Amino acid sequence: MLVLVAPGQGAQTPGFLTDWLALPGAADRVAAWSDAIGLDLAHYGTKADADEIRDTSVAQPLLVAAGLLSAAALGDISEIAPGAVAGHSVGEITAAAFAGVLDDTAALALVRKRGLAMAEAAAVTETGMSALLGGDPEVSVAHLEKLGLTPANVNGAGQIVAAGTMEQLAALNEDKPEGVRKIVPLKVAGAFHTHHMAPAVDRLAEAAKALTPADPKVTYVSNKDGQAVASGTEVLERLVGQVANPVRWDRCMETFQELGVNALIEVCPGGTLTGLAKRALPGVKTLALKTPADLDAARELVAEHAQQA
């Protein structure tokens with residue numbers, strides 16, 4: 001079984017859309033999306049610097065657009081025929097589009113409002129996120145809670161992301177949990193998936209009322225608990241609530257194992273989730289769509305999966 005996954009915020013880098021926009025029809029598609037949401041995605045994906053695309057209100061729609069564009073370059077979702085889809089944090093909206101819960105324009109409209117709402121919530125207090133590499137998860141979580149931090153992303157493969165105020169994160173740098181070998185600040189502008197994002201939940205819930213979700217056409221694996229969700233209405237409800245709740249990517253990967261996943265393709269800007277899968281899912285073939293040069297290898301993996309199905 002093949003699973004198609006979409007990365008979350010922090011995966012973006014300056015200029016990462018440049019080569020993708022050179023593909024036939026890509027620039028027109030992105031221009032239409034830009035008009036629909038009032039944000040120049042082509043500019044931010046090609047010319048903006050790291051600080052500009054770190055802005056939550058920009059980064060989130062840019063990441064969803066990149067995921068949708070790269071998947072479309074790979075083929076129609078019916079041709080890719082994943083057995084399951086999932087996304088990390090904002091990547092869940094990309095995955096919802098892959099599953100047919102939302103169409104591309106609705107997904108981008110929702111993520112635009114999500115980004116704006118989360119940026120507004122993040123502006124109230126100076127907050128951030130840092131990845132803890134190594135260590136025992138239980139020990140690390142207890143240590144984070146002692147410092148007033150939230151284990152906002154439990155990613156598996158020896159990685160937990162802490163979120164909280166900059167003062168709390170500074171304290172963490174001075175007092176690492178036992179066994180943690182490194183702490184890496186993330187390229188995000190707030191303590192996402194924590195109580196700091198509670199105001200954004202109400203904004204997003206209001207935006208979701210205008211949408212009519214369809215039930216997933218393929219297995220949709222949720223960040224909330226790693227469970228497969230069969231109702232489009234429930235997928236949308238989870239997308240709203242997840243803004244202020246921890247991401248359990250470890251449980252998503254456990255579900256991939258239970259489903260019998262043996263191949264994983266991560267859409268643009270791929271790399272983060274394939275890295276986690278290589279450590280946590282031994283034996284699963286992984287491929288990250290970083291540039292169009294990766295498409296041929298991805299198509300081969302899709303064809304191999306089709307032959308096995």
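User: Hi! What should I know about the numbering and the model before I start?
Analyst: Residues are numbered from 1 along each chain as its sequence is written. The model is predicted, so local features need pLDDT of at least 70 and side-chain atom pairs count only at pLDDT 80 or more, while totals for chains, interfaces and linings use all residues; side-chain values use heavy atoms, with hydrogens and water left out.

User: Thanks. What volume does the largest pocket have?
Analyst: About 520 Å³. A pocket here is an open set of points on a 1 Å grid over the protein atoms alone, where a 1.4 Å probe fits, with protein on both sides within 12 Å along at least five of seven lines. The volume is the space filled by probe spheres set on the points, and grid points are joined across faces, edges and corners.

User: And how many residues line the largest pocket?
Analyst: There are 26, and Q9, G10, Q159, L186 and T272 lie nearest its centre. A lining residue has an atom within 4 Å of a point. The elements giving two or more residues to this lining are strand 3 (127-134), strand 4 (150-156), strand 5 (159-165), strand 6 (180-185) and helix 14 (272-280). Helices (H or I, at least four residues) and strands (E, at least two) are DSSP runs, numbered from the N terminus.

User: Which element gives the most to that lining?
Analyst: Helix 14 does, with 5 residues. By class, the lining has 13 nonpolar, 11 polar and 2 charged residues. Ala, Val, Leu, Ile, Met, Phe, Trp, Tyr, Cys and Pro count as nonpolar, Asp, Glu, Lys and Arg as charged, and the others, Gly among them, as polar.

User: Why does T274 count as buried?
Analyst: Because its relative accessibility is 4%. Leaving aside neighbours within four places in sequence, T274 is in contact with L264, E266, T286, L287 and A288. Contact means heavy atoms within 4.5 Å.

User: Let's switch to strand 5. How many of its residues are buried?
Analyst: 7 of its 7 residues are buried. Strand 5 pairs with strand 3 in the antiparallel sense over 7 bridges, and T127 has T165 of strand 5 as its bridge partner. Two strands pair if DSSP finds at least two bridges between them.

User: How many bridges join strand 4 to strand 5?
Analyst: There are 5, and the two strands run antiparallel. G156 has Q159 in strand 5 as its bridge partner. The hairpin of these strands has 2 residues between them, and A157 takes a positive phi near 55 degrees there.

User: What about the open sheet, in what order do its strands come?
Analyst: The order of the 6 strands is 8-7-2-1-9-10, with mixed pairing. Strand 8 (228-229) and strand 10 stand at the edges with a single partner strand each, so one side of each is left without a neighbour in the sheet. Further in, strand 1 and strand 9 run parallel and are joined by 4 bridges; L2 has A263 in strand 9 as its bridge partner.

User: Now the largest nonpolar core. Which residues touch the most other members?
Analyst: Y220 and I265 do, in a core of 80 residues. Helix 5 gives the largest share of this core, 10 residues. A nonpolar core is a set of buried Ala, Val, Leu, Ile, Met, Phe, Trp, Tyr and Cys residues joined through side-chain atoms within 4.5 Å. A second, separate core of 17 residues includes F256, L273, A277 and V284.

User: How far apart are A96 and Y220?
Analyst: They are 124 residues apart in sequence and 7.5 Å apart in space, C-alpha to C-alpha. A96 sits in helix 7 and is buried, with a relative accessible area of 0%. Beyond four places in sequence, A96 touches V101, L102, Y220, V235 and L239.

User: Last one: which residues lie nearest the centre of the second largest pocket?
Analyst: D76, I77, A97, F98 and D104, out of 17 lining residues. This pocket holds about 350 Å³ of space, and its lining has 11 nonpolar, 2 polar and 4 charged residues.

Notes. Buried means under 20% relative accessible area, exposed over 50%, partly exposed in between (1.4 Å probe, protein chains only).
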